[in-house]
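Here is a short report on one model. It looks at a pair of helices, then at one residue in a strand.

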Amino acid sequence: MAATADLERARPAVRPGNPCFSSGPCAKRPGWSLAALEGALLGRSHRASVPHARIAEVIERSKAVLGMPADWRLGVVPGSDTGAVEMVLWSVLGARGADVLVWESFSKEWASDVVSQLKLADARIREADYGRLPSLEPVAPDRDAVFVWNGTTSGVRLVNAEFIADDREGLAICDATSAAFAMRLPWDKLDVVTWSWQKVLGGEAGHGMLALSPRAVARLEAWDSGRPLPKVFRLTKGGKLIEGIFRGETINTPSMLCVEDAIDGLRWAESIGGLDALVARSEANLAAVADWVSTSGWAGFLAEDPATRSCTSICLRITVPWFATMDAAGQARAARRLAAILEEEGVALDVASYRDAPPGLRIWGGATVETADIKALLPWLDWAFAELAVELAHEEAGPAV
C-alpha cells in the first residue's frame with residue numbers, strides 16, 4: 001500500500017486538455033462545439049438544391065485542401081472508408097493480375113477480399129509482420145496494386161510510392177483513411193484513393209470518400225467484371241461512370257448533420273493554413289512522442305524503421321524484459337490494464353492497441369490533436385506504467401498471510 005500511496009502522490013500535475021486520443025472516430029478540431037452544427041440542413045432532402053450544394057462543398061473543399069489534380073473525380077459514398085475500398089475492389093479487380101501489400105489488419109482484409117471473396121486467379125500477396133513493411137519491389141506495370149498508405153493498426157506508413165511505375169497499365173488502389181490530410185499523397189503515382197471523415201479532420205463516422213483518376217474511370221467504363229453488384233457498389237450505368245456521384249448526388253441518403261460537421265472541419269483546415277499546417281501538426285505530435293520514447297525506458301515504437309513511423313496512428317510496444325517473459329494472454333491483459341488505468345484517470349481515452357495488433361498502446365496524433373495535449377499525456381504514460389508494475393507485483397506476490 002505504501003508504494004501505491006507514493007505513486008498517487010507522484011501523479012503528474014498537468015492533464016491533457018482533451019483526453020480523446022482514439023484512432024477513430026478521432027478528436028474533434030480544437031474549439032469545436034455543437035454550435036458548429038447550427039447551420040445543418042436537418043429535415044431536408046439531400047437531393048434538394050441547397051443540401052445538395054452542401055455535399056458538393058465537401059467534395060470541392062476536400063479536393064482543394066488535398067491538392068488533388070483537377071481531372072480527378074471525388075465523391076461521397078456509403079460505408080465509410082471500408083465501403084469506398086470495397087466498392088472499388090469489386091468493381092475493377094480481375095481485369096489484370098493484382099499485387100496486394102499487407103502489413104496490418106485492414107490491408108489483410110483487402111487481401112482476404114481479393115483471394116477468398118473475389119477469388120482472383122492471379123493474385124500475389126506481399127505480407128509483413130506488424131512493425132514492418134512488406135517487400136517494396138516494383139509492381140509490374142501491367143498489374144494492379146492494392147495497399148494502404150498508413151497502417152492504422154500497426155503505426156507503419158509508406159515513405160513514398162516508388163514501387164508504382166509511372167508508365168503503368170494497372171491501377172494503384174490506395175486506402176488512405178488515416179493518411180489523407182496528415183500526409184502528402186503522390187497523386188501521380190495513385191489511381192484510386194479512399195478515406196473517411198472520421199479520421200484526420202475529426203468528422204463523424206459512416207461516410208466514405210472515393211477519389212478516381214482518369215485512368216481509374218477508364219477502367220470502370222471499359223471493363224465489366226460480370227459480377228452482380230448491390231446498388232451501393234455501383235459506379236457505372238450502361239458502361240458509363242455515374243457522374244452524379246462525383247457532383248454530390250450520393251448513392252444513398254447521407255446525414256446532413258455529418259455533412260455540416262465535415263464542412264466545419266474543412267473550413268478549420270483552411271483557416272490554419274491548409275495541408276501544410278495539417279501535416280506539420282501531425283508530425284509535431286509524432287516528434288513529441290519520439291522524444292519521450294527515447295528516454296522512457298519501457299516503451300518503443302511498433303514501427304521498426306524510424307522513417308516509417310506513422311504520425312497519426314502512433315503505436316507503442318512495451319519493451320521491458322519482464323513483459324517479454326509473459327505469455328501472450330498475460331501480455332494482452334497487462335496492455336489492456338495499462339490503457340484502463342489511463343482511462344480511469346481521465347487522461348487518455350481509447351488508447352489500447354487494436355485487437356489484432358501486438359499488445360501495447362495506440363495514440364492518435366492526427367491534425368486535430370494538440371501537441372500540448374500529447375506532451376501533457378506523456379508523463380501520465382510513465383505514471384500509469386509504474387502503477388501497472390505495482391499491480392502486477394502484488395498479483396505475483398499473492399495475498400498476505
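At what angle do the axes of helix α6 and α7 cross? They cross at roughly 90 degrees and come within 7 Å. Axes are lines fitted to C-alpha atoms, for helices over the stretch in contact, and angles run from 0 to 180 degrees between N-to-C directions. That makes α6 roughly perpendicular to α7 (65 to 115 degrees).

This is a predicted model: local features need pLDDT of at least 70, side-chain atom pairs count only at pLDDT 80 or more, and totals for chains, interfaces and linings use all residues. Residues are numbered from 1 along each chain as its sequence is written, and side-chain values use heavy atoms, without hydrogens or water.

The two helices are DSSP runs (H or I, at least four residues), numbered from the N terminus. These residues are in contact, with heavy atoms within 4.5 Å:

| Helix | Residues in the contact |
|---|---|
| α6 (residues 256-272) | Trp268, Ala269, Glu270, Ile272 |
| α7 (residues 274-296) | Gly274, Ala277, Leu278, Arg281 |

α7 has 23 residues. At 1.5 Å a residue, α7 should span 33 Å (1.5 Å times one less than its number of residues). Its end C-alpha atoms are 34 Å apart, which agrees. Gly297 follows α7, with a positive phi near 85 degrees.

Now the strand. Thr194 lies in β6 (residues 192-196), a DSSP run of E with at least two residues. Thr194 is buried, at 2% relative accessible area (buried means under 20%, with a 1.4 Å probe and protein chains only). Beyond four places in sequence, its contacts include Asp81, Cys174 and Met209.

Terms used
Angles under 35 degrees count as roughly parallel, over 145 as roughly antiparallel, 65 to 115 as roughly perpendicular and the rest as oblique. Buried means under 20% relative accessible area, exposed over 50%, partly exposed in between (1.4 Å probe, protein chains only).
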